[in-house]
Amino acid sequence: MSCFSRVILGFLIGLCVLYQCSAFEVDTNQTAWLFVNASEASGRKIPETLFGIFFEEINHAGAGGLWAELVSNRGFEAGGPNTPSNIDPWSIIGNESSLVVSTDRSSCFDRNKVALRMDVLCDRDGANVCPDGGVGVYNPGFWGMNVEQGKKYKVVLYIRSLQSVNISISLTGSNGLQMLATANIIAADVSNWTKTEILLEAKETNHNARLQLTTSRRGVVWFDQVSAMPLDTYKGHGFREDLSTMLADLKPGFIRFPGGCFVEGEWLRNAFRWKETIGPWEERPGHFGDVWMYWTDEGLGYFEFLQLAEDLGAAPVWVFNNGISHNDQVDTSSIAPFLQASHEGKEILDSLEFAKGAPDSAWGSVRTAMGHPEPFDLRYVAVGNEDCGKKNYRGNYLRFYDAIRHAYPDIKFISNCDGSTQQLDHPAHFYDYHVRYELSHFAACTFEISIVLQIYSDANTVFSLAHKFDHASRSGPKAFVSEYAVTGKDAGTGSLLAALAEAGFLIGLERNSDVVEMASYAPLFVNANDRRWNPDAIVFNSYQLYGTPSFWMQRFFSESSGGTLLNSTLQANSSSSLIASAIAWKNSKDNKNYLRIKIVNFGSNIVNLKISIDGMKQNTFQSLGSTKTILTSSNLMDENSFKEPNKVTPIKSLLENASVNMEDVLSPHSFTSFDLLIESTTLWIQRTDSNSKSSI
C-alpha cells in the first residue's frame, strides 16, 4: 500500500471513529451543574418593567378582538367620507322592490358625516306588502358575533325619520332565522337625530350571530353610529373579558401602544392621530390603517389604552408619530405646522396633559369628562417607531425631546436608534433594540440604508442572542427590546421550537436586566380570520381563544419583573444548548417567598441536572408547596389550535426533593421551572412595591 493510500485509509478510519463518538454522544445523557448563590449580597433587583406586552392594531387585534364592540363599521364611514360609500360588511334584507339602501352626508356628527339611508318601499298592507320579518339591514360583525344565552347586550344607535317608526332591533343567527333576542323602537317623532339604547338578553347561544335593523313600515329612515357591546366586559371598561384575562395572566410590567407600524402609516395621512380617538365614541371619525389594510372605528383609542394599562397594573408606554411614515416625512424645519400647533411638540404636549394633567386643565378636563378625573401614570414615551436612519428622525426627535423635557421632566424617552453597539448621538433614557439600520457604501458621498431585523429570525439565531448584552456597556441608556419573536419556518403559526428559543433569549435578558429595562413579544394577538403576520402570542375568533407555546413561555417570566436576580453559574460538558437563571420572588396569593430556577434545554439530549444552592440552610425549602413546571412536547413543531388548545402547555407537579442540593432530569427540547418554597420569611427577597406577582 502506498504512503498516500495509508494516509487516506487512516483518515477514513479517523472519520469513522469520530462519527461513532459523535453518535455515541447523541445517545448518551449529558450532565450539568447549576450553582446558585442565594445570599443577600448576591441579589440584584430586577426592574419592575422588565417583561411587558406590546399591543398593535394588526391582525384585527383590537377591532373585532380586544375591544368588545360587535358591530363592524358602526358609523358607515369605512368607505371614506364621500358618498356613495361602501357600507361593507352591512348587507340588505329585502330586494329592490321593497327597499333601497344608500348613504348620504346627513349625520349629526361633524367628524363623521356619512349616515345610512333606508327607503322602505313596502308596507304592512296595500299593493306592496313587506315580507315576513320586514326589510332592512344586518351586520355580521367581525366574522360573526358571539351571542351567549343569558348574557345581556347593549345596543346603541342614532335614528332619524320624517315619519313615525317601528324598528325591530334583533340578534339572530347568521341566516336571520334563529331569533336570539329582539326589541322594538316605536317612536312618533324622530324628525331630529335621536339616540336610542336597548338592552337585549339572549335566549339562545350562537357564535356566528348578526345584528338586524328591520321594519315593515313604509317611509325613509336614517341610521348612524350603531353599536352593540356585551354588558360584561373586563372591569367594565369595554375590553373583551377572556382576552383581557389572558393579558392579566402575564402580569405585564408595561404595555407599549398603539404600534408599531400602525403609528406611522404607509402615508402620514393615515397615521395614528390621538385626538381623533378620544371623547364620545360616536364622534370619533375612525381611520383606515393603510399598513395592515383595514378600517378602525377607534373605539379602542388613546384613552382606552391608558385605561387598559391601569386595569392591568402595567406602566403605559405611549408611542407617538414624530412626523415620519413609511413613505413620506416632515422636514424638521416644518414640523410645527405638521403638529398643528404654534411650536414644536405641542400636539404631543397635549397628549401628555390629557394623560397626566390636573382635572381642570384644558386636556385633563376632557379626560375627566370621559370618567377618569385622576391622572394616568404615564412616564414613558417612544418617539416614533423604527424610524432611526430616516433623514429627519434625529432632528425631529430633538425637537420633541426639548419640548417634552421642559414641560414634563419626569418623562423618560425611548429612541428608535440602537445603542447596543455604539453610543447614541442624542439624549435618551432607553434605546429600542429591535431594528438596526446599517449604512452601506453605495457610491462616492452617497449611502444606502438597509434595515436588518434582529429579533425576528430563526430559532437558533434568537437563542444565540441570549448573550447579546453580556458585554454591553453598563453606562448610558438602557435597552428596550420592544419586539422579539422567532419567525419563518421554525415558528409556523406558533411552535414549541419558537417558544424554547425565545425562552433562552429572555433568560439572557433577565440575567442582563441591569442594562435591559423592558422586553415585549410581538405581535400579541391575531384574529384567526385575518392573519396578517405569523406567529402571534394569542389566537382568537369570535368566541374561542388559545395561547401559542410562546404565550405559555412568557408565563414562566411573570414573576420576574420586580423580583431579585440571584447569581448563578451553569457548568456542563456541552453547555451551548443550556441556559439558566435564578430569581427570588414573593407570591401575593399566599404571601410566601419562593426561589425560582428556570432552565432551557435547547438540545436533543436528556440532561442530568445537579443543583447546588449556597447561602441557605439545608432545611430552608419546603417540599409541600414546591413545584416543578415543564413546557415540552413530543415534536418540536407542535402547535396549539382551537381543536387542541392545550397540546403544548406547561405541566406542573410537586417537587418532593426540594433542597439546597437537588438532582433532576431535563427532557430534550424543554423549558423547566423549579419553584422552591422558602421556609423562612426572609425580607430581602420581598418586593417593595404594592403589585406583588403570583405564580403560574
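Which residue just after α4 takes a positive phi? Gly313 does, with a phi of about 70°.

The structure is a predicted model, in which local features need pLDDT of at least 70, side-chain atom pairs count only at pLDDT 80 or more, and totals for chains, interfaces and linings use all residues. Residues are numbered from 1 along each chain as its sequence is written, and side-chain values use heavy atoms, with hydrogens and water left out.

Helices (H or I, at least four residues) and strands (E, at least two) are DSSP runs, numbered from the N terminus. Helix α4 spans residues 302-312. Of its 11 residues, 10 are buried, so the helix is largely enclosed by the rest of the structure. Buried means under 20% relative accessible area, with a 1.4 Å probe and protein chains only. Among the buried residues of α4 are Tyr302, Phe303, Phe305 and Leu306. Glu304 and Asp311 are also buried. The cover over these buried residues includes the strands β3 (51-54), β15 (254-257) and β18 (315-320). It also includes the helices α2 (241-249), α6 (346-356) and α7 (364-369).

Strand β13 covers residues 206-215. This strand is mostly covered, with 8 of its 10 residues buried. Two strands pair if DSSP finds at least two bridges between them. Strand β7 (residues 135-139) pairs with β13 in the antiparallel sense over 5 bridges. Here Val137 stands opposite Leu213. Strand β8 (residues 145-147) pairs with β13 over 2 bridges, again antiparallel. Met145 has Ala209 of β13 as its bridge partner. Strand β10 (residues 165-172) runs antiparallel to β13 and is joined to it by 5 bridges. Ser170 stands opposite Gln212 in β13.

Technical notes. Buried means under 20% relative accessible area, exposed over 50%, partly exposed in between (1.4 Å probe, protein chains only). Contact means heavy atoms within 4.5 Å.
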